[in-house]
Amino acid sequence: MTAAAALAPPRPSTVPRPSAVGRLASGTWTSMLRVLLNYRHSPGLLAASLGVPVVMVVVFGYVFGSAMQVPGGGGYREFLMPGLFAMVATNGVMPTMVGAARDVGRGVTDRLRSMPVSRTGLLLGQALADLLVSVVVLALLALVGLATGWRVRHGLADAAGAFALLLLFRFVMTWVGTVLGLTIGKEEAAGQLSAAVIPLAMVTNAYVPTGGMPGWLRFLADWNPVSSVVQACRELFGNPSAAGSAWPTQHAVLAALLWSAVLLAGCMPLAVRKFATHGR
C-alpha cells in the first residue's frame, strides 16, 4: 500500500440504509413475533383468553338470563351476545396496559428504544399481534353463541361488518391501554387500575337495557363508546335491542366509527411519543 493510499479517507459504505418504510415493517414484524411467542410459551395465558368468553356465556346467558326480559321481546341470549363480543373488544385495554407497564418497569422499553427500528413499528406490531389473538377469541365466542341459540339475522355481509367493527374497536383499545401503561410505568399499579375497566364495561347496554337506569346513569351509559359498539352490532346482526333516544344509540354504527376514529387519533400518536421520550 502506498503512502497516498494510506492517507486517503475511507470510502463510504455502499450498504444502503433501510428506508423509513423498511424500518416500520421490520419493527412491526419483530414486535408481532415477540408477542405471539409470549403466547406460545405461556399456554395458560392463551387458555384464559379462550376460556373466559365461554364462562361469560354460561354465567350471563343461563344464570342471569333466566330473570331478564328484553323490552320489545326477543331472547335474552341473542340480546346478550353482541354485548359479550364488545366486551372482548373492550378488554384489550387490560393486558396491553399491564404489558406496557411491565416493559417499562423491567427496562425492556429502554432496550427496544435503543434499537435502530421504528418506534411506531414496535407498538404497531404489539397491537396487530393482539388483533390476531382477538380473531381467535371472537371466533370461539361466536361458535359458543351459535351452540346456545344465538343467530345472525341480517345476512353474512352485515355480520362481517359487525366483526370488522369489533376488531377495529379492539385495535383502538390496545392503543388506549398502551398510553395508560406507559404513563403508569409500574406493573402492580397497572394491574390494580385494570379493575377500573370493569365499571366502564358495566355502565353500558351490554348486559341490560339502559331504559331502567336512573337518568344520569342512563346518560353515561348511552354515551359510553362501548354502548355504541354494542348497539351497532345488534343492528348489524339483527339481534333484539332496546335502543334509547340518545343520538349514539339512534345512529350506533356511525357513533361507533366516530368514537373509534377520535380515540385512535388521540392515543396512537400519544403512545408513540410517550414510548420515544419515556424517562427523558
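Leu 132 is partly exposed, with a relative accessible area of 45% (buried denotes under 20% relative accessible area, exposed over 50%, and partly exposed the range in between, with a 1.4 Å probe and protein chains only). The model is a predicted one, in which local features need pLDDT of at least 70 and side-chain atom pairs count only at pLDDT 80 or more, whereas totals for chains, interfaces and linings use all residues. Residues are numbered from 1 along each chain as its sequence is written, and side-chain values use heavy atoms, with hydrogens and water left out.

Leu 132 belongs to helix H7, where helices (H or I, at least four residues) and strands (E, at least two) are DSSP runs numbered from the N terminus. When residues up to four places away in sequence are not counted, Leu 132 touches Met 32 and Leu 36, contact being defined as heavy atoms within 4.5 Å. Met 32 and Leu 132 are separated by 100 residues in sequence, while their C-alpha atoms are 9.6 Å apart in space.

Just after H7, Gly 149 adopts a positive phi of about 110°. Thr 148 is placed in the loop between H7 and H8 and counts as buried at 14% relative accessibility. Apart from residues up to four places away in sequence, Thr 148 touches Val 57, Tyr 62 and Arg 77.

Two salt bridges are present in the structure, a salt bridge being a side-chain nitrogen of Lys or Arg within 4 Å of a carboxyl oxygen of Asp or Glu. In one of them, Arg 153 pairs with Glu 78, with 2.3 Å between the closest N and O atoms. This pair links distant parts of the chain, 75 residues apart, since Arg 153 lies in the loop between helix H7 (119–147) and helix H8 (155–184) and Glu 78 in helix H4 (residues 76–90). Arg 153 is partly exposed at 48% relative accessibility, whereas Glu 78 is buried, with a relative accessible area of 11%. A salt bridge also joins the side chains of Asp 130 and Arg 170, at 2.7 Å from N to O; here too distant parts of the chain are linked, Asp 130 being in helix H7 and Arg 170 in helix H8, 40 residues apart. Asp 130 is buried, with a relative accessible area of 7%, and Arg 170 counts as buried at 10% relative accessibility.

Helix packing was examined for two pairs. The axes of helix H5 (residues 93–105) and H8 come within 7 Å and cross at roughly 35°, axes being lines fitted to C-alpha atoms, for helices over the stretch in contact, with angles running from 0 to 180 degrees between N-to-C directions. The residues making this contact include Ala 100, Ala 101 and Val 104 of H5 and Arg 170, Met 173 and Gly 177 of H8. H4 and helix H12 (residues 225–237) pack at an angle of about 135°, their axes lying 9 Å apart. These two helices, H4 and H12, are therefore oblique to each other (angles under 35 degrees count as roughly parallel, over 145 as roughly antiparallel, 65 to 115 as roughly perpendicular and the rest as oblique). Among the residues in this contact are Phe 79, Pro 82 and Phe 85 of H4 and Val 226, Val 229 and Phe 237 of H12.
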